[in-house]
Every structure is written in C-alpha cells, then in structure tokens.
Amino acid sequence: MNANLKLTPATRKVLSSLPVLMLTVQLSFSQLPDSWMQKLSLPSDGRGAAVGFSIGKMGYVGTGLNFSAGGALSDFWAYDPDTDSWTQVADFGGGPRSGAVGISIGDKGYLITGADVTAGKQKDLWEYDPVANTWTQKADLPSTERNYATGFTIGNKGYLTTGYPQSSGDLDDCWEYDPSTDSWTQKADFAGGARSSALAFSIGNKGYVGTGYAGSQKKDFWEYNHVTDSWTQKANVGTNPRSDGAAFALKGHGYMCSGVTPTGLSHDLLEYDTLADTWTARTPLPGSGKEDPATFVVGDYAYVATGYDNQFNQTTDLYQYTPDSFIATFENEIHQLTQILVAANPLVDGGVITIFSKGDDLNIQLMNLEGKFITSVLFSKQYSSEEKTVFRFNKSNLAAGIYYLLIKEQEKLIASSKVIIQ
C-alpha cells in the first residue's frame, strides 16, 4: 500500500477484509479528492488569453482572443457552480482585450492592462461591480503599457508585475493598487527578472510568482512579502519550464497547471506546499493541455476554462478541480463505494471492472502520476446493459503503484479516481 494514501487503522482493516477493491467513481455532481470534472462549456466564442476572477459565489470569465471572430473580445460571463450555468453580464468597459490580468479585491473584480489587435498594449484599470453589473474606469497603471503581465491579491490590495510592453523587451516592475484611494505605489522589482506570461497566486499574506517566458520558458518561483517589500526564491516549479499556463490557490495550497513547455503543451497539475517548499504532482487536467486558459476559485473548487488546445484551437470548455484535502481520509471514500467495482484485490494479473451505468459509449483509460497514459494496459468491454458495463482489465507488465482511472463517455471525461496496483 502506498504511504501517500491517508489510511486510518480502521480503513486498513476494512481494505484487508474486502474480497474486491471498490473504487468510488463519481457519475454525479460530487467529486473525489484530487480529481477533475467537466462542467458546462462557456456558451460563447472559444478563446485564449481571457481573464478569470471570482466574486462571492460566482466565477467570471471574459475578453480574450478568437481569430475567427475577428480578434480580441469584450464579452463577459458569470458562472454559477450551484446550477452549472452561465449568464452573460456587461461587456468589458475598455473594449476588446486579450492578455490582460484579472483579479478580485473584496466584492469587486478588476481587469488591468492587456492588448487590442488594433489599439495595441494598454495600461488602463477597470473595476467590475457585480451588483450594478457595471464597469468603471479607475486610475491607469503609472508605468508602461503591457500585456501578458500577471497579478495577485493580498488582503485589500492588488499587485501587478512583469509583462510584455509595446516595444521589445520584457518587464520586471511591480505595482500595488489600493482601491480605497484608487492609487498605485511602485514596489520592489520582481527578483526573478524581466519576463512575460508568468503565473501567480497568493496564499495568506504572501504573493507567489513563477514560470513565464524570457527568450525561453522558465521554472523559477518566488515569494513576495508585502510587509518587507522583498522577494525570496523558492523551489522550482516541477522539472519542466513553462509559460502561459494556469495558476490558482485553494485550501492553503498553490497550484500551477498546463501551459507551454519547450516540447509542447503540458496538462500536468502541480501543488505547492508553502511550509515544506515542495511541489507535488496531482491529477493532470483532462486532455492534451491548454495554453492561456482562464481560472477562478469558488468555495472548495477551482475552475480552468477556455484556452488554446494543442492544435491552437480556441476552446470553450470548463473543468472543475477538487483538491486532495477535500475529503480527509480514504475511509470516507469507502463508505460511498457503490458505483464501480474492481476485482480482485490485490490486482495481480488482471481483473474485472464493473461500472454501474449504461455503457454503450463508455471507455476507460489509465494514467500514471506523471500524467502519462499507459497504452500497454488493455481495457476490453465484456458486457453492457441498461444497468451496468463490464470491462476486462489486463494488467500486463504494469508496475505496482498508484494510477488514475479515467472514465469517458464519447471522449468526454465524466469521472476519475485513483486505483492501487500491487
């Protein structure tokens, strides 16, 4: 049994006595820890380089770039996780925009900088009021116009750093915005050096910035202390440098996901522990990866929306992520085990997987912890009815360890779960 699974003594007793290993694969709206679920796609043009932020119980996605729709976009949409529905809200007040920075401070959303394909780079700041459904222009950034900057929020202040200016060369300046006075204050330059397309999030009273592009993709990672106005280098973000990915903070941990690497798009998800200063691989984002997606966090869940796929198509899809800490122990999963059976336990040479759902279009894929699909493992459908679908699992020479089962219906991911191979 892998030590990374949080098994209580009682759980170990339950597991050791089971004739079959029962794994919860959610075929409803609830989710397992460390898993993704596809939600309703944005009902508008596909796009990359959009912005996302959250206010209260709602997530917001807007602007971005769609080449077939004529370039930059100005529409904005609100997402309600309770009803899995989108509602169009007021268009962004600054006009068509892509590569901007979106953050929220208190009960307002903010969109800063970005570019229009005709007007070029911008340095304006706009505030969104969800109650009035209006955009109000605020004080311009007192610095160079730019796009592909990054930003984060600490307390009641917003921060913007790096970016690509109207002229050549990246930027490393850092600015603090105070909405109570509608004013900007310059802070210590980003210590990692000039770049664009970096990723950022905040945890508690610290900001974090890393990765990005400056002649090549980067993997360095830095912590900002607003009290001392100083930057401290932290552990690199995984092994692969990247830019143009997604970042969010959830339940006291930071996450960086997907993006462009020197060898193409990545779909991995890395979780940052501020106390240990370590990165841990988590369940990858479904699909082949995304470039320039939008992100937001509402309650216990994070969301990754839109972005370019590996064919540079602009997408509209939305995925919801549940962190590993959402359910405290593996024992909690065992009490919900009703929807899928994997026999036998331990899985040695092979086994039978039964999914309690009509399975004309169901298929199964296996993925390792590094996000690589295991193509040598064969899942063959044995039986399908209105109540269940049975697959045969040929273990072949698969190494012992923890893997992910991905259940798909017509290539749409509907559920995922960890599976232990011994």
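## Salt bridges

A salt bridge is counted where a side-chain nitrogen of Lys or Arg lies within 4 Å of a carboxyl oxygen of Asp or Glu. By this rule the structure, a predicted model, has 12 salt bridges. One of them joins E223 to K206, with the closest N and O atoms 3.8 Å apart. This pair links distant parts of the chain, as E223 belongs to strand β22 and K206 to strand β21, 17 residues apart; strands (E, at least two residues) and helices (H or I, at least four) are DSSP runs numbered from the N terminus. E223 is buried at 13% relative accessibility, whereas K206 is partly exposed at 21%. Here buried stands for under 20% relative accessible area, exposed for over 50%, and partly exposed for values in between, with a 1.4 Å probe and protein chains only.

In another salt bridge, the side chains of R195 and D220 meet at 2.7 Å, N to O. R195 lies in the loop between β19 (183-187) and β20 (199-203), and D220 in the loop between β21 (206-210) and β22 (221-225), so this pair ties together parts that are 25 residues apart in sequence. Both ends are buried: R195 has a relative accessible area of 2%, and D220 has 13% relative accessibility. R242 and D268 also form a salt bridge, at 2.8 Å from N to O. Because R242 sits in the loop between β23 (230-234) and β24 (246-250) and D268 in strand β26 (residues 264-273), the contact ties together parts 26 residues apart in sequence. R242 is buried at 1% relative accessibility, and D268 is buried at 14%.

## Basis of the values

Residues are numbered from 1 along each chain as its sequence is written, and side-chain values use heavy atoms, with hydrogens and water left out. In this predicted model, local features need pLDDT of at least 70 and side-chain atom pairs count only at pLDDT 80 or more, while totals for chains, interfaces and linings use all residues.

## Nonpolar cores

A nonpolar core is a set of buried Ala, Val, Leu, Ile, Met, Phe, Trp, Tyr and Cys residues joined through side-chain atoms within 4.5 Å. The largest has 15 residues, of which I353, I364, L366 and F379 touch the most other members. Strands β32 (350-355), β33 (362-367), β35 (389-394), β36 (401-409) and β37 (412-421) each supply at least two residues of this core. A second, separate core of 13 residues includes F76, A78, F92 and A100.

## An open sheet

An open sheet is formed by 4 strands in the order β3-β4-β7-β8, with antiparallel pairing; two strands pair if DSSP finds at least two bridges between them. Its edge strands, β3 (51-55) and β8 (85-89), each pair on one side only.

Within the sheet, 4 bridges join β4 (residues 58-62) to β7 (residues 76-80). The bridge partner of G62 in β7 is F76, and F76 also belongs to the second core.

## The largest pocket

The largest pocket has a volume of about 920 Å³. On a 1 Å grid over the protein atoms alone, a pocket is an open set of points where a 1.4 Å probe fits, with protein on both sides within 12 Å along at least five of seven lines; lining residues have an atom within 4 Å of a point. Grid points are joined across faces, edges and corners, and the volume is the space filled by probe spheres set on the points.

Of the 45 lining residues, G52, G102, A200, A247 and T295 are the closest to the pocket centre. The elements that give two or more residues to the lining are β3, β9 (101-105), β16 (150-154), β20, β24 and β28 (294-298).
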